[in-house]
Amino acid sequence: MLKRVHFPRSALPYLLVAPQILITLVFFIWPASQAVYQSFLIEDAFGLSTEFVWFENFELLVDDEQYLQSFGRTIFFSAAVALLSMSAALVLAGFADRVVRGATAYRTLMIWPYAVAPVLAGALWVFMFNPTLGIFPFLLDMVGIDWNHYLNGTHAMMLVIFAAAWKQIAYNFLFYLAAMQSIPRSLIEAAAIDGAGPVRRFVDHIFPLISPTTFFLLVINAVYAFFDTFGIIHAVTQGGPANSTTILVYKVFNDGFVGLDLGGSAAQSVILMVLVIAMTVVQFRFIERKVEY
Amino acid sequence: MASITLKDLVKAYGDTEVLHHVEGEISDGEFIVVVGPSGCGKSTLLRMVAGLETVTSGTICIGDKVVNQLEPADRDIAMVFQNYALYPHMSVRENMAYGLKIRKISKDEIARRVEEAADILELRPYLERKPRQLSGGQRQRVAMGRAIVRNPQVFLFDEPLSNLDAKLRVQMRLEIRKLQQRLGVTSIYVTHDQVEAMTLGDRLMVLNGGYVEQFGTPIELYDRPATTFVAGFIGSPAMNFLPATVSAGMATLGNGARLANAGAANGAVTLGIRPEHLLQDDAGPVRVTVELVEQLGANSLLHGKLEGTDIEMVVSQPGHMSAAAGTVMGFVPANGALHLFHAETGKRIEP
Ligand SMILES: Nc1ncnc2c1ncn2[C@@H]1O[C@H](COP(=O)(O)OP(=O)(O)OP(=O)(O)O)[C@@H](O)[C@H]1O
Ligand SMILES: [Mg+2]
């Protein structure tokens, strides 16, 4: 039997958590509930009257070809961002793990991109890929690729994927490096004595042993690509050309503030909210179970 | 199978030299134990042979081949680590098979060898388990199994038993020795436990502060220790050291007592007598003021001080014995049991 410890009742613990609860209420719960409420309303084009319509906004979304396309695009976008930034980070961390001299400098440099604001990161990539001024279109032109992300939807998509992935590499790198460094040195040495070269050691031992980190990062990166890439998209393509980079978060903004369909926009954000909650739950469930070797 | 030759081996980390000009010839099939206190460079030496540490200068040969520049994988060695270093995500079978798989040995041959090793080590029932589902002793055996399936030229052991409890340690010690004799593989075994060293090794290399103090058979080390360090390190309880001056074959101790048979030395020396080489004799010249007697059953350990001085002494007497604290007992050294060491350098002076 567990003994329950009894403390004298006092208001102090409640006072101590009060600020946290207040912040959560004001900045999270209240806006969220507003969004849910809004998603049940349809407003006329002039904003003069609103009507409570229950789930009509959601029904409209399900039938909306553009919304479904955007959904598919978002899934592709997040998968690409997660894959690209995680594999790049994995390779870099693999090298950093082997570096002995100048390791701190190398790691510090690696972390910088994370400190760059999304919009700035976007601006940076726009500049580098500017079809007339940028360095990359110039180089690509030499191998016969006519780069123009203002006109070509595929190019635009690639560019936002690069920009979003680049920004996330630092974060992934830190986690991967920490995971790799927590693998006992002697284990890798044993593999070396068993005859495994660096690549083989990575594939056979390091990668399986850091799989819990990979899973964790997969969720984090998916959430990032789903919800945190608004700034980058806004700076790089504004969702264009022809909606080819309009992912869900961008569509929420576009439909709500540009298209002024507040009800539809709110319904979309409620769907996003449900998605993020689902992902978080999945993550906690798996993390708690401690991935088994 | 192969011999190992260490020539003028030096290891330095930056400016600090941790191994100084180590020399050693290890013949084919020999079991060598490297022993010494913590931090003396045992692991470093072993890891240099394994190829896990670079050689600062000097050469290491396995067989007739200089291996200084070879990768660990190309040295045909197997190593058992102190923490076993088993692959946690692989089953016992996969752990043992891994090295063979990399060497592209056929599946049937791998299965045969793994099962043979599992039989020797009594690991059959555990082949499909993961390392975390095994006890410490079983893990230790898996680590051994991983080494023997490879059938390498050299076994390297870095304190493989230090994580086991005392009883298991004695048992595994015997098993390792039997296994090595059966397979006849040249082995280097690192430990800081002198009993382990004495019982396992064909020859011991005693390291101290990165210097080889002595390299010889356990009996050589016991009978003719080359330095006071070796003399104090080998044998339990440790040898008694008494400062003395010698002239004309007679040694005079600090309290004026005189001992004969002190050999050819002259001047200030350190006199060494093992506790078990002092025989009780009421008229004996070595007189000890008793402080405490430990009864071990088979023998008794008498702790005290050389009469009239502050020099600690231990005497081991067979059978039971009791003596009140404060009594003075006389002892005489057994024939030829006196060791003489240079008072300053600690080097042995041959009689
Ligand atoms: N990477 C390193 N850089 C600098 N000094 C080191 C390094 N590795 C070991 N040393 C030093 O080398 C010396 C020998 O270390 P080593 O690990 O060989 O000792 P050991 O005899 O195995 O000790 P123990 O019985 O505690 O395992 C120690 O003084 C240690 O501080
Ligand atoms: Mg060591």
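Q: In this predicted model, which exposed residues sit on the face of helix 5 of chain B turned away from its buried side?
A: B:Lys167, B:Leu174, B:Lys178, B:Gln181 and B:Arg182. Exposed here means over 50% relative accessible area.

Q: Which residues of helix 5 of chain B are called buried?
A: B:Met172, B:Arg173, B:Ile176, B:Arg177, B:Leu179 and B:Gln180. The cut-off is under 20% relative accessible area.

Q: What makes the buried residues of helix 5 of chain B one face?
A: Seen down the helix axis, they fall within an arc of 165 degrees, so they line one face. Residues three or four places apart point the same way because an α-helix has 3.6 residues a turn.

Q: What do the buried residues of helix 5 of chain B pack against?
A: Their partners in chain B include strand 3 (31-35), helix 3 (107-120), helix 4 (136-149) and helix 6 (194-200). Contact means heavy atoms within 4.5 Å.

Q: How do you know that the span of helix 5 of chain B agrees with its number of residues?
A: At 1.5 Å a residue, its 18 residues (166-183) should span 26 Å. The end C-alpha atoms are 26 Å apart, which agrees.

Q: Why do strand 2 and strand 5 of chain B stand at the edges?
A: The open sheet has the order 2-1-4-5. Strand 2 (16-26) and strand 5 (65-66) each have a single partner strand, so one side of each lacks a neighbour in the sheet.

Terms used
Residues numbered from 1 in each chain as written. Chains lettered and ligands numbered in written order. Predicted model: local features only at pLDDT ≥ 70, side-chain atom pairs only at ≥ 80, totals over all residues. Heavy atoms only, no water. Helix = DSSP H or I, 4+ residues; strand = E, 2+ residues; numbered from the N terminus. Expected span 1.5 Å × (residues − 1). Buried < 20%, exposed > 50% of the residue type's maximum accessible area, 1.4 Å probe, protein only. Arc of directions from axis to C-beta. Pairing = 2+ DSSP bridges.
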